[in-house]
Amino acid sequence: MKGTTMNGTLSSQAADATPTLEREFDLIVIGAGSGGVRCARIAASLGARVAIVERAHWGGTCVNLGCVPKKLMFYGVQVGKAIADGPAYGWDVTLPQHSWPDFKRSKDRVIERLDGIYVRLLENAGVALFRGDAALAGPRAGGGWRVEVGPSPLAPERPVTVIGAARVVVATGSSPTRLAIPGADLALTSDQVFTMDDCPASMLVLGAGYIGVEFSGVFAGFGVKTSLAFRRDHVLRGFDSQMVGRLEELMAQAGVTLYPGLEPVRIERASSGAGLVTHFANGTELEAGGVLMATGRHPAVAGLNLESAGVALERGRIVTNARFETSVPGIYAIGDVTNHINLTPVAVAEGQMLAETLYGPGPRDQRDFKAVPKAVFFQEPLSTVGISEDEALADGGNYAIFTSSFTPLSQSVPQRPGQALMKLIVKAGRSPDGALAGSGAIVGVHMVGEDSPDIIQVMAMAVVNQMTKAQLDRVLALHPTMAEEFVTMRAPQRFISAGKVVAD
(Lines give C-alpha, C1' and ligand atoms only; values in the text may rest on other atoms or scores of the structure.)
Protein backbone atom coordinates (compact mmCIF):
# COMPACT_ATOMS: atom_id res chain seq x y z
CA MET A 1 0.00 0.00 0.00
CA LYS A 2 1.30 3.44 -0.86
CA GLY A 3 1.58 6.16 1.74
CA THR A 4 -1.29 8.63 1.98
CA THR A 5 -1.76 12.00 3.58
CA MET A 6 -4.68 13.12 5.76
CA ASN A 7 -6.93 13.67 2.76
CA GLY A 8 -6.06 10.35 1.21
CA THR A 9 -3.81 11.65 -1.58
CA LEU A 10 -0.43 10.14 -2.31
CA SER A 11 2.28 11.33 0.06
CA SER A 12 5.40 13.23 -0.88
CA GLN A 13 7.16 9.90 -1.13
CA ALA A 14 7.52 8.52 -4.63
CA ALA A 15 4.18 7.15 -5.82
CA ASP A 16 5.73 3.82 -6.75
CA ALA A 17 7.74 3.38 -3.57
CA THR A 18 6.87 2.12 -0.15
CA PRO A 19 7.60 4.84 2.44
CA THR A 20 10.66 3.98 4.50
CA LEU A 21 10.14 3.46 8.19
CA GLU A 22 12.10 6.03 10.14
CA ARG A 23 11.32 4.74 13.65
CA GLU A 24 9.65 1.65 15.05
CA PHE A 25 7.60 1.21 18.21
CA ASP A 26 5.44 -1.36 19.94
CA LEU A 27 2.44 0.97 20.06
CA ILE A 28 1.40 4.11 18.20
CA VAL A 29 -1.42 6.18 19.67
CA ILE A 30 -3.09 8.62 17.28
CA GLY A 31 -4.58 11.48 19.28
CA ALA A 32 -3.24 13.03 22.50
CA GLY A 33 -6.55 13.67 24.21
CA SER A 34 -7.46 12.31 27.63
CA GLY A 35 -7.88 8.70 26.49
CA GLY A 36 -4.88 8.62 24.18
CA VAL A 37 -2.54 10.17 26.73
CA ARG A 38 -3.61 7.73 29.46
CA CYS A 39 -3.20 4.76 27.12
CA ALA A 40 0.25 5.91 26.00
CA ARG A 41 1.51 6.62 29.51
CA ILE A 42 0.28 3.34 31.00
CA ALA A 43 1.63 1.29 28.09
CA ALA A 44 5.03 2.98 28.41
CA SER A 45 5.05 2.35 32.17
CA LEU A 46 4.49 -1.34 31.41
CA GLY A 47 7.59 -1.46 29.21
CA ALA A 48 6.20 -0.80 25.74
CA ARG A 49 7.96 1.49 23.26
CA VAL A 50 5.23 4.05 22.60
CA ALA A 51 4.73 6.94 20.18
CA ILE A 52 1.85 9.41 20.26
CA VAL A 53 0.77 11.66 17.40
CA GLU A 54 -1.20 14.89 17.90
CA ARG A 55 -2.26 17.31 15.18
CA ALA A 56 -3.22 20.33 17.29
CA HIS A 57 -3.59 20.31 21.08
CA TRP A 58 -1.80 18.25 23.72
CA GLY A 59 -4.55 17.21 26.10
CA GLY A 60 -7.13 17.14 23.32
CA THR A 61 -10.58 18.68 23.27
CA CYS A 62 -11.25 18.37 27.01
CA VAL A 63 -8.26 20.46 28.06
CA ASN A 64 -8.24 22.94 25.21
CA LEU A 65 -11.72 23.26 23.70
CA GLY A 66 -14.08 21.54 26.10
CA CYS A 67 -14.38 20.55 29.76
CA VAL A 68 -11.62 22.66 31.28
CA PRO A 69 -12.16 26.05 29.60
CA LYS A 70 -15.92 25.52 29.89
CA LYS A 71 -15.55 25.01 33.65
CA LEU A 72 -13.43 28.18 33.84
CA MET A 73 -16.30 30.02 32.16
CA PHE A 74 -18.70 28.47 34.67
CA TYR A 75 -16.52 29.74 37.52
CA GLY A 76 -16.47 33.18 35.92
CA VAL A 77 -20.27 33.27 35.93
CA GLN A 78 -20.34 32.18 39.59
CA VAL A 79 -18.03 35.07 40.48
CA GLY A 80 -20.48 37.47 38.81
CA LYS A 81 -23.37 35.99 40.79
CA ALA A 82 -21.41 36.33 44.02
CA ILE A 83 -20.66 39.99 43.29
CA ALA A 84 -24.34 40.61 42.51
CA ASP A 85 -25.25 39.01 45.87
CA GLY A 86 -22.61 41.06 47.70
CA PRO A 87 -24.73 44.05 48.79
CA ALA A 88 -27.28 41.73 50.44
CA TYR A 89 -24.45 40.34 52.56
CA GLY A 90 -23.14 43.80 53.43
CA TRP A 91 -20.43 44.22 50.80
CA ASP A 92 -20.27 47.67 49.17
CA VAL A 93 -19.91 46.42 45.58
CA THR A 94 -21.73 46.81 42.29
CA LEU A 95 -21.60 44.32 39.43
CA PRO A 96 -19.18 45.62 36.77
CA GLN A 97 -19.40 44.87 33.06
CA HIS A 98 -17.75 41.61 32.08
CA SER A 99 -14.65 41.83 29.85
CA TRP A 100 -14.41 38.85 27.51
CA PRO A 101 -10.87 39.77 26.30
CA ASP A 102 -9.58 39.88 29.89
CA PHE A 103 -11.20 36.55 30.68
CA LYS A 104 -9.79 34.99 27.49
CA ARG A 105 -6.24 36.02 28.38
CA SER A 106 -6.58 34.48 31.83
CA LYS A 107 -8.17 31.33 30.43
CA ASP A 108 -5.45 30.94 27.76
CA ARG A 109 -2.69 31.14 30.39
CA VAL A 110 -4.27 28.25 32.29
CA ILE A 111 -4.71 26.13 29.15
CA GLU A 112 -1.14 26.79 28.01
CA ARG A 113 0.14 25.63 31.40
CA LEU A 114 -1.98 22.47 31.24
CA ASP A 115 -0.76 21.69 27.72
CA GLY A 116 2.78 21.87 29.02
CA ILE A 117 1.91 19.50 31.87
CA TYR A 118 0.55 16.93 29.41
CA VAL A 119 3.73 17.14 27.33
CA ARG A 120 5.93 16.67 30.40
CA LEU A 121 3.85 13.73 31.62
CA LEU A 122 4.28 11.98 28.28
CA GLU A 123 7.99 12.76 28.01
CA ASN A 124 8.65 11.67 31.60
CA ALA A 125 6.89 8.38 30.81
CA GLY A 126 9.26 7.83 27.89
CA VAL A 127 6.66 8.35 25.15
CA ALA A 128 7.93 9.71 21.82
CA LEU A 129 5.91 12.76 20.72
CA PHE A 130 5.06 13.55 17.09
CA ARG A 131 3.22 16.70 15.97
CA GLY A 132 1.24 16.44 12.73
CA ASP A 133 -1.64 14.80 10.89
CA ALA A 134 -1.57 11.02 11.04
CA ALA A 135 -2.85 8.46 8.55
CA LEU A 136 -2.51 4.70 8.26
CA ALA A 137 0.02 4.06 5.50
CA GLY A 138 -0.28 0.30 5.09
CA PRO A 139 0.89 -2.90 6.76
CA ARG A 140 4.35 -3.10 8.27
CA ALA A 141 6.70 -5.90 7.26
CA GLY A 142 6.47 -8.61 9.87
CA GLY A 143 3.10 -7.48 11.13
CA GLY A 144 1.58 -4.31 12.43
CA TRP A 145 1.09 -0.99 10.70
CA ARG A 146 2.90 2.01 9.30
CA VAL A 147 1.62 5.47 10.19
CA GLU A 148 2.48 8.53 8.17
CA VAL A 149 2.78 11.80 10.10
CA GLY A 150 2.48 14.83 7.86
CA PRO A 151 1.93 18.57 8.11
CA SER A 152 -0.96 19.83 10.25
CA PRO A 153 -2.58 23.23 10.86
CA LEU A 154 -0.23 23.91 13.79
CA ALA A 155 2.80 22.31 12.13
CA PRO A 156 2.45 23.22 8.43
CA GLU A 157 6.16 23.04 7.64
CA ARG A 158 6.99 19.70 9.16
CA PRO A 159 8.32 17.01 6.82
CA VAL A 160 6.56 13.69 6.40
CA THR A 161 7.67 11.06 8.89
CA VAL A 162 6.76 7.38 8.70
CA ILE A 163 6.68 5.35 11.89
CA GLY A 164 5.60 1.78 12.52
CA ALA A 165 4.31 -0.39 15.31
CA ALA A 166 2.78 -3.78 16.00
CA ARG A 167 -0.33 -2.05 17.32
CA VAL A 168 -2.12 1.24 16.64
CA VAL A 169 -4.71 2.93 18.87
CA VAL A 170 -7.02 5.52 17.31
CA ALA A 171 -8.05 8.07 19.95
CA THR A 172 -8.84 11.12 17.82
CA GLY A 173 -12.03 12.14 19.62
CA SER A 174 -14.78 14.15 17.97
CA SER A 175 -15.37 17.44 16.17
CA PRO A 176 -18.28 19.92 16.15
CA THR A 177 -21.02 19.23 13.61
CA ARG A 178 -22.50 22.04 11.52
CA LEU A 179 -26.02 21.77 10.14
CA ALA A 180 -26.16 21.40 6.36
CA ILE A 181 -28.08 24.64 5.81
CA PRO A 182 -27.26 27.79 3.81
CA GLY A 183 -25.16 30.19 5.84
CA ALA A 184 -23.97 27.57 8.32
CA ASP A 185 -20.43 28.87 7.93
CA LEU A 186 -21.55 32.21 9.43
CA ALA A 187 -22.23 30.53 12.76
CA LEU A 188 -19.65 29.73 15.40
CA THR A 189 -18.92 26.23 16.68
CA SER A 190 -18.00 25.51 20.28
CA ASP A 191 -14.32 25.29 19.26
CA GLN A 192 -14.46 28.84 17.93
CA VAL A 193 -16.15 30.26 21.04
CA PHE A 194 -13.07 29.38 23.06
CA THR A 195 -10.82 31.29 20.66
CA MET A 196 -12.93 34.35 19.78
CA ASP A 197 -11.36 37.65 20.85
CA ASP A 198 -14.58 39.32 21.95
CA CYS A 199 -18.20 38.42 22.56
CA PRO A 200 -21.22 40.02 20.84
CA ALA A 201 -23.91 41.76 22.88
CA SER A 202 -26.46 39.12 21.89
CA MET A 203 -26.16 35.43 21.02
CA LEU A 204 -28.50 32.83 19.57
CA VAL A 205 -27.58 29.26 20.47
CA LEU A 206 -28.87 26.50 18.19
CA GLY A 207 -29.19 23.12 19.87
CA ALA A 208 -30.02 22.12 23.43
CA GLY A 209 -27.67 19.31 24.34
CA TYR A 210 -24.82 19.65 26.85
CA ILE A 211 -23.00 22.25 24.77
CA GLY A 212 -25.99 24.43 23.96
CA VAL A 213 -27.33 24.49 27.52
CA GLU A 214 -23.93 25.15 29.07
CA PHE A 215 -22.97 27.95 26.69
CA SER A 216 -26.36 29.58 27.07
CA GLY A 217 -25.65 29.80 30.79
CA VAL A 218 -22.20 31.23 30.16
CA PHE A 219 -23.38 33.92 27.75
CA ALA A 220 -26.31 34.95 29.94
CA GLY A 221 -24.08 34.98 33.01
CA PHE A 222 -21.59 37.26 31.27
CA GLY A 223 -24.34 39.76 30.46
CA VAL A 224 -25.04 38.69 26.88
CA LYS A 225 -28.66 38.71 25.69
CA THR A 226 -29.10 34.99 25.08
CA SER A 227 -31.65 32.87 23.21
CA LEU A 228 -31.70 29.08 22.84
CA ALA A 229 -33.56 27.54 19.89
CA PHE A 230 -33.96 23.79 19.47
CA ARG A 231 -36.05 21.27 17.53
CA ARG A 232 -37.42 19.20 20.40
CA ASP A 233 -39.96 20.20 23.05
CA HIS A 234 -37.39 20.24 25.87
CA VAL A 235 -33.66 20.58 26.38
CA LEU A 236 -31.28 17.69 27.15
CA ARG A 237 -32.40 14.43 25.62
CA GLY A 238 -32.00 11.38 27.86
CA PHE A 239 -32.12 13.08 31.26
CA ASP A 240 -34.80 12.69 33.92
CA SER A 241 -37.75 14.74 32.66
CA GLN A 242 -38.64 16.21 36.06
CA MET A 243 -35.08 17.44 36.50
CA VAL A 244 -35.09 18.89 32.97
CA GLY A 245 -38.30 20.77 33.76
CA ARG A 246 -36.69 22.35 36.83
CA LEU A 247 -33.57 23.25 34.84
CA GLU A 248 -35.69 24.97 32.19
CA GLU A 249 -37.29 27.07 34.93
CA LEU A 250 -33.85 28.10 36.17
CA MET A 251 -32.68 28.86 32.62
CA ALA A 252 -35.58 31.26 32.11
CA GLN A 253 -34.87 32.91 35.48
CA ALA A 254 -31.23 33.34 34.41
CA GLY A 255 -32.32 35.32 31.35
CA VAL A 256 -32.11 32.62 28.67
CA THR A 257 -35.07 32.84 26.27
CA LEU A 258 -36.11 29.35 25.17
CA TYR A 259 -37.52 28.66 21.69
CA PRO A 260 -38.54 24.98 21.52
CA GLY A 261 -39.81 23.29 18.37
CA LEU A 262 -37.80 25.37 15.88
CA GLU A 263 -36.02 23.87 12.89
CA PRO A 264 -33.31 26.21 11.47
CA VAL A 265 -33.23 26.37 7.67
CA ARG A 266 -31.01 29.35 6.82
CA ILE A 267 -28.62 31.88 8.35
CA GLU A 268 -27.80 35.18 6.69
CA ARG A 269 -26.29 38.51 7.56
CA ALA A 270 -28.71 41.10 8.90
CA SER A 271 -29.68 43.86 6.47
CA SER A 272 -28.07 46.37 8.82
CA GLY A 273 -24.76 44.58 8.31
CA ALA A 274 -24.41 43.94 12.02
CA GLY A 275 -25.36 40.54 13.33
CA LEU A 276 -27.06 37.51 11.83
CA VAL A 277 -30.63 36.48 11.12
CA THR A 278 -31.59 32.83 11.51
CA HIS A 279 -34.66 31.61 9.62
CA PHE A 280 -36.71 28.66 10.83
CA ALA A 281 -39.03 26.26 9.04
CA ASN A 282 -42.19 27.73 10.60
CA GLY A 283 -41.34 31.24 9.41
CA THR A 284 -39.83 32.48 12.66
CA GLU A 285 -36.82 34.77 12.31
CA LEU A 286 -34.41 35.50 15.16
CA GLU A 287 -31.69 38.15 14.96
CA ALA A 288 -28.60 38.21 17.17
CA GLY A 289 -25.08 39.54 17.13
CA GLY A 290 -23.76 36.00 16.82
CA VAL A 291 -24.99 32.43 16.36
CA LEU A 292 -23.51 29.38 18.07
CA MET A 293 -24.26 26.12 16.28
CA ALA A 294 -24.25 23.65 19.18
CA THR A 295 -25.75 20.87 17.08
CA GLY A 296 -23.71 17.90 18.21
CA ARG A 297 -20.33 16.40 17.51
CA HIS A 298 -19.14 13.60 15.22
CA PRO A 299 -16.21 11.15 15.42
CA ALA A 300 -13.02 12.71 14.04
CA VAL A 301 -12.03 10.05 11.52
CA ALA A 302 -11.52 12.15 8.37
CA GLY A 303 -8.16 11.62 6.71
CA LEU A 304 -7.03 8.71 8.88
CA ASN A 305 -7.29 6.32 5.91
CA LEU A 306 -9.23 3.86 8.05
CA GLU A 307 -11.53 2.48 5.38
CA SER A 308 -8.61 1.80 3.03
CA ALA A 309 -7.05 -0.19 5.84
CA GLY A 310 -10.28 -2.16 6.23
CA VAL A 311 -11.42 -0.66 9.55
CA ALA A 312 -15.21 -0.91 9.77
CA LEU A 313 -17.15 2.30 10.33
CA GLU A 314 -20.81 2.67 11.23
CA ARG A 315 -22.44 6.07 10.74
CA GLY A 316 -19.03 7.64 10.98
CA ARG A 317 -17.91 5.94 14.19
CA ILE A 318 -15.27 3.24 14.54
CA VAL A 319 -16.87 -0.09 15.40
CA THR A 320 -15.17 -1.92 18.29
CA ASN A 321 -15.87 -4.86 20.55
CA ALA A 322 -15.69 -4.91 24.35
CA ARG A 323 -11.88 -5.21 24.13
CA PHE A 324 -11.63 -2.02 22.01
CA GLU A 325 -10.59 -4.08 18.96
CA THR A 326 -11.64 -2.85 15.53
CA SER A 327 -12.38 -5.12 12.58
CA VAL A 328 -8.65 -5.10 11.72
CA PRO A 329 -6.23 -7.05 13.95
CA GLY A 330 -3.73 -4.76 15.63
CA ILE A 331 -5.87 -1.61 15.32
CA TYR A 332 -7.84 -0.42 18.35
CA ALA A 333 -10.06 2.57 19.13
CA ILE A 334 -11.05 4.31 22.36
CA GLY A 335 -12.97 7.39 23.43
CA ASP A 336 -15.34 9.61 21.48
CA VAL A 337 -14.20 8.25 18.12
CA THR A 338 -16.26 5.14 18.91
CA ASN A 339 -19.32 7.26 19.89
CA HIS A 340 -19.96 5.05 22.91
CA ILE A 341 -20.17 7.22 26.04
CA ASN A 342 -18.62 10.51 25.05
CA LEU A 343 -17.23 11.67 28.38
CA THR A 344 -13.62 12.30 29.36
CA PRO A 345 -13.51 9.89 32.35
CA VAL A 346 -14.82 7.10 30.12
CA ALA A 347 -12.06 7.71 27.56
CA VAL A 348 -9.46 7.76 30.34
CA ALA A 349 -10.76 4.47 31.78
CA GLU A 350 -10.80 2.87 28.32
CA GLY A 351 -7.23 4.01 27.65
CA GLN A 352 -5.96 2.53 30.88
CA MET A 353 -7.89 -0.72 30.46
CA LEU A 354 -6.58 -1.19 26.92
CA ALA A 355 -2.94 -0.51 27.87
CA GLU A 356 -3.14 -2.92 30.81
CA THR A 357 -4.75 -5.56 28.60
CA LEU A 358 -2.10 -5.27 25.90
CA TYR A 359 1.04 -4.97 28.03
CA GLY A 360 0.08 -6.06 31.55
CA PRO A 361 -1.64 -9.06 33.07
CA GLY A 362 -4.99 -7.47 32.18
CA PRO A 363 -7.09 -4.62 33.54
CA ARG A 364 -6.55 -4.15 37.28
CA ASP A 365 -10.25 -3.46 37.65
CA GLN A 366 -13.34 -3.19 35.53
CA ARG A 367 -14.99 0.22 35.59
CA ASP A 368 -18.78 0.40 35.75
CA PHE A 369 -19.93 1.98 32.50
CA LYS A 370 -23.58 1.33 33.37
CA ALA A 371 -23.69 4.03 36.04
CA VAL A 372 -21.57 6.90 34.74
CA PRO A 373 -21.99 10.17 36.67
CA LYS A 374 -22.77 13.14 34.44
CA ALA A 375 -23.13 16.88 34.92
CA VAL A 376 -24.47 19.69 32.76
CA PHE A 377 -22.74 22.85 33.95
CA PHE A 378 -25.47 25.41 33.62
CA GLN A 379 -25.40 28.20 36.23
CA GLU A 380 -27.23 25.78 38.53
CA PRO A 381 -25.89 22.44 37.26
CA LEU A 382 -27.93 19.34 36.56
CA SER A 383 -26.08 16.23 37.73
CA THR A 384 -27.08 12.60 37.60
CA VAL A 385 -26.00 9.00 38.02
CA GLY A 386 -27.96 5.81 37.38
CA ILE A 387 -31.42 5.42 35.89
CA SER A 388 -33.96 8.20 35.49
CA GLU A 389 -37.57 8.04 36.63
CA ASP A 390 -38.55 7.80 32.95
CA GLU A 391 -36.40 4.67 32.63
CA ALA A 392 -37.89 3.24 35.81
CA LEU A 393 -41.35 3.66 34.31
CA ALA A 394 -40.24 1.97 31.12
CA ASP A 395 -38.66 -1.17 32.58
CA GLY A 396 -41.75 -2.46 34.41
CA GLY A 397 -40.15 -2.92 37.85
CA ASN A 398 -41.05 -1.66 41.30
CA TYR A 399 -39.44 1.57 42.46
CA ALA A 400 -39.83 4.18 45.19
CA ILE A 401 -39.25 7.83 44.23
CA PHE A 402 -37.94 10.22 46.88
CA THR A 403 -37.72 13.94 46.09
CA SER A 404 -36.89 17.20 47.83
CA SER A 405 -37.45 20.67 46.40
CA PHE A 406 -36.26 23.71 48.33
CA THR A 407 -34.64 27.15 48.18
CA PRO A 408 -30.92 26.87 49.01
CA LEU A 409 -29.81 28.75 52.12
CA SER A 410 -27.30 30.72 50.03
CA GLN A 411 -30.18 32.34 48.16
CA SER A 412 -32.13 33.37 51.27
CA VAL A 413 -30.23 36.60 51.99
CA PRO A 414 -30.07 37.98 48.41
CA GLN A 415 -33.51 36.44 47.77
CA ARG A 416 -32.51 35.01 44.44
CA PRO A 417 -35.36 32.97 42.90
CA GLY A 418 -35.13 29.34 41.92
CA GLN A 419 -35.37 26.07 43.82
CA ALA A 420 -33.01 23.12 43.92
CA LEU A 421 -34.45 19.68 43.19
CA MET A 422 -33.08 16.34 44.40
CA LYS A 423 -34.28 12.82 43.66
CA LEU A 424 -33.51 9.26 44.73
CA ILE A 425 -34.76 6.25 42.75
CA VAL A 426 -34.82 3.12 44.91
CA LYS A 427 -35.70 -0.47 44.18
CA ALA A 428 -38.96 -1.21 46.00
CA GLY A 429 -39.92 -4.49 47.58
CA ARG A 430 -42.99 -5.69 49.45
CA SER A 431 -43.53 -5.49 53.19
CA PRO A 432 -45.11 -8.45 55.03
CA ASP A 433 -48.56 -6.95 54.48
CA GLY A 434 -47.94 -6.72 50.73
CA ALA A 435 -47.42 -2.97 50.56
CA LEU A 436 -44.60 -1.49 48.49
CA ALA A 437 -41.58 -0.49 50.59
CA GLY A 438 -38.73 1.70 49.38
CA SER A 439 -35.69 0.44 51.25
CA GLY A 440 -33.89 -1.47 48.49
CA ALA A 441 -30.89 -0.63 46.30
CA ILE A 442 -30.37 2.96 45.20
CA VAL A 443 -30.36 2.86 41.39
CA GLY A 444 -30.63 6.53 40.45
CA VAL A 445 -29.61 9.87 41.99
CA HIS A 446 -30.42 13.22 40.39
CA MET A 447 -29.96 16.84 41.39
CA VAL A 448 -30.38 20.34 39.97
CA GLY A 449 -28.71 23.02 42.03
CA GLU A 450 -25.47 24.43 43.38
CA ASP A 451 -22.72 21.93 44.22
CA SER A 452 -24.64 19.14 42.46
CA PRO A 453 -21.64 17.82 40.44
CA ASP A 454 -19.55 17.24 43.57
CA ILE A 455 -22.50 15.78 45.49
CA ILE A 456 -23.41 13.39 42.68
CA GLN A 457 -19.79 12.26 42.36
CA VAL A 458 -20.00 11.01 45.95
CA MET A 459 -23.51 9.59 45.54
CA ALA A 460 -22.25 7.62 42.52
CA MET A 461 -20.47 5.36 44.99
CA ALA A 462 -23.85 4.40 46.42
CA VAL A 463 -25.26 3.52 42.99
CA VAL A 464 -22.23 1.67 41.66
CA ASN A 465 -21.82 -0.36 44.85
CA GLN A 466 -25.57 -1.07 45.17
CA MET A 467 -25.99 0.64 48.51
CA THR A 468 -29.53 0.37 49.86
CA LYS A 469 -31.81 3.16 51.02
CA ALA A 470 -31.87 1.49 54.43
CA GLN A 471 -28.08 1.83 54.62
CA LEU A 472 -28.23 5.46 53.51
CA ASP A 473 -30.75 6.17 56.26
CA ARG A 474 -28.09 5.23 58.82
CA VAL A 475 -25.88 8.17 57.72
CA LEU A 476 -26.10 11.27 59.88
CA ALA A 477 -26.61 14.60 58.14
CA LEU A 478 -23.86 17.20 57.94
CA HIS A 479 -25.79 20.38 58.68
CA PRO A 480 -26.30 22.87 57.11
CA THR A 481 -25.40 21.59 53.65
CA MET A 482 -27.13 20.86 50.36
CA ALA A 483 -25.96 17.24 50.45
CA GLU A 484 -27.73 16.46 53.74
CA GLU A 485 -31.05 16.41 51.88
CA PHE A 486 -30.09 13.04 50.39
CA VAL A 487 -29.73 11.42 53.83
CA THR A 488 -32.85 12.99 55.33
CA MET A 489 -35.38 11.80 52.75
CA ARG A 490 -37.65 9.44 54.67
CA ALA A 491 -40.99 9.01 52.92
CA PRO A 492 -41.24 8.37 49.17
CA GLN A 493 -43.36 10.80 47.17
CA ARG A 494 -44.61 8.04 44.89
CA PHE A 495 -44.11 4.44 43.80
CA ILE A 496 -43.73 2.97 40.35
CA SER A 497 -45.01 -0.52 39.63
CA ALA A 498 -45.40 -2.32 36.30
CA GLY A 499 -44.79 0.84 34.33
CA LYS A 500 -47.29 3.01 36.21
CA VAL A 501 -47.19 5.52 39.05
CA VAL A 502 -49.17 4.07 41.95
CA ALA A 503 -50.41 5.57 45.21
CA ASP A 504 -49.34 2.54 47.27
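Buried means under 20% relative accessible area. The legends below describe close-up views of a predicted model.

View 1. Cysteine 39 is buried, its relative accessible area being 0%. Cysteine 62 also falls in the buried class, at 14%. A disulfide would require two cysteine sulfur atoms within 2.5 Å. The cysteine sulfur closest to that of cysteine 39 belongs to cysteine 62 and lies 17 Å away, which is too far for a bond. The structure as a whole holds zero disulfides.

**View 2. The largest nonpolar core and the surroundings of leucine 236.** The largest nonpolar core is made up of 37 residues. Phe219, Val235, Leu236 and Leu382 have the most contacts inside this core. Two or more core residues come from each of α3 (67-85), α4 (100-124), β8 (202-206), α6 (210-221) and α7 (241-253). Another core, of 30 residues, lies apart from the largest one and includes Val37, Ala44, Ile111 and Leu122.

**View 3. The seven-stranded open sheet.** The strands of this antiparallel sheet follow the order β19-β20-β25-β22-β21-β26-β27. At the edges stand β19 (374-376) and β27 (500-502); each has a single partner strand, so one side of each is left without a neighbour in the sheet. From one strand to the next, the twist averages 20 degrees. Strands of a sheet pair through backbone hydrogen bonds, either parallel or antiparallel.

**View 4. The β22 and β25 pair, with helix α11.** Six bridges link β22 (residues 420-427) with β25 (residues 442-448), and the two strands pair in the antiparallel sense. Within this pair, methionine 422 is opposite methionine 447 of β25. Helix α11 (residues 452-464) packs on the sheet, where the helix touches β19, β20 (382-386), β22 and β25. The direction of α11 makes about 175 degrees with that of β25.

**View 5. Strand β20 and its two partners.** How much of β20 is buried? Four of its five residues are, so β20 is largely enclosed by the rest of the structure. On one side, β20 pairs with β19 in the antiparallel sense over three bridges. A hairpin of five connecting residues joins β19 to β20. Serine 383 in β20 is the bridge partner of alanine 375. β20 also runs antiparallel to β25, to which five bridges join it. Here glycine 386 is opposite glycine 444 of β25.

**View 6. Threonine 403 in strand β21.** Threonine 403 is part of β21 (residues 399-406). Its relative accessibility is 17%, and threonine 403 therefore counts as buried. Which residues does threonine 403 contact, leaving aside neighbours within four places in sequence? They are Gln242, Met422, Lys423, Met489, Gln493 and Arg494. One of these, Met422, is the residue that stands opposite methionine 447 in β25.

**View 7. Leucine 306 in helix α8.** Leucine 306 belongs to helix α8 (residues 306-309). With a relative accessible area of 4%, leucine 306 is buried. Beyond neighbours within four places in sequence, leucine 306 is in contact with Leu136, Val170, Val301, Val311, Leu313 and Ile318. Isoleucine 318 is twelve residues from leucine 306 in sequence, and the C-alpha to C-alpha separation is 8.9 Å.

**View 8. Histidine 298 in strand β15.** Strand β15 (residues 297-299) contains histidine 298. This histidine is partly exposed, at 35% relative accessible area. Not counting residues up to four places away in sequence, histidine 298 touches Gly173, Ser174, Ser175, Pro176 and Thr177. With threonine 177, histidine 298 makes a polar contact between side chains, at 2.7 Å. Methionine 203, which is 95 residues from histidine 298 in sequence, is 24 Å from histidine 298 in space, C-alpha to C-alpha.

Methods
Residues are numbered from 1 along each chain as its sequence is written. This is a predicted model: local features need pLDDT of at least 70, side-chain atom pairs count only at pLDDT 80 or more; totals for chains, interfaces and linings use all residues. Side-chain values use heavy atoms; hydrogens and water are left out. Buried means under 20% relative accessible area, exposed over 50%, partly exposed in between (1.4 Å probe, protein chains only). A nonpolar core is a set of buried Ala, Val, Leu, Ile, Met, Phe, Trp, Tyr and Cys residues joined through side-chain atoms within 4.5 Å. Two strands pair if DSSP finds at least two bridges between them. Axes are lines fitted to C-alpha atoms, for helices over the stretch in contact, and angles run from 0 to 180 degrees between N-to-C directions. Contact means heavy atoms within 4.5 Å. A polar contact is a pair of N or O atoms within 3.5 Å; within protein, one must be able to donate a hydrogen and the other to accept it, and residues adjacent in sequence count only if both atoms are side-chain atoms.
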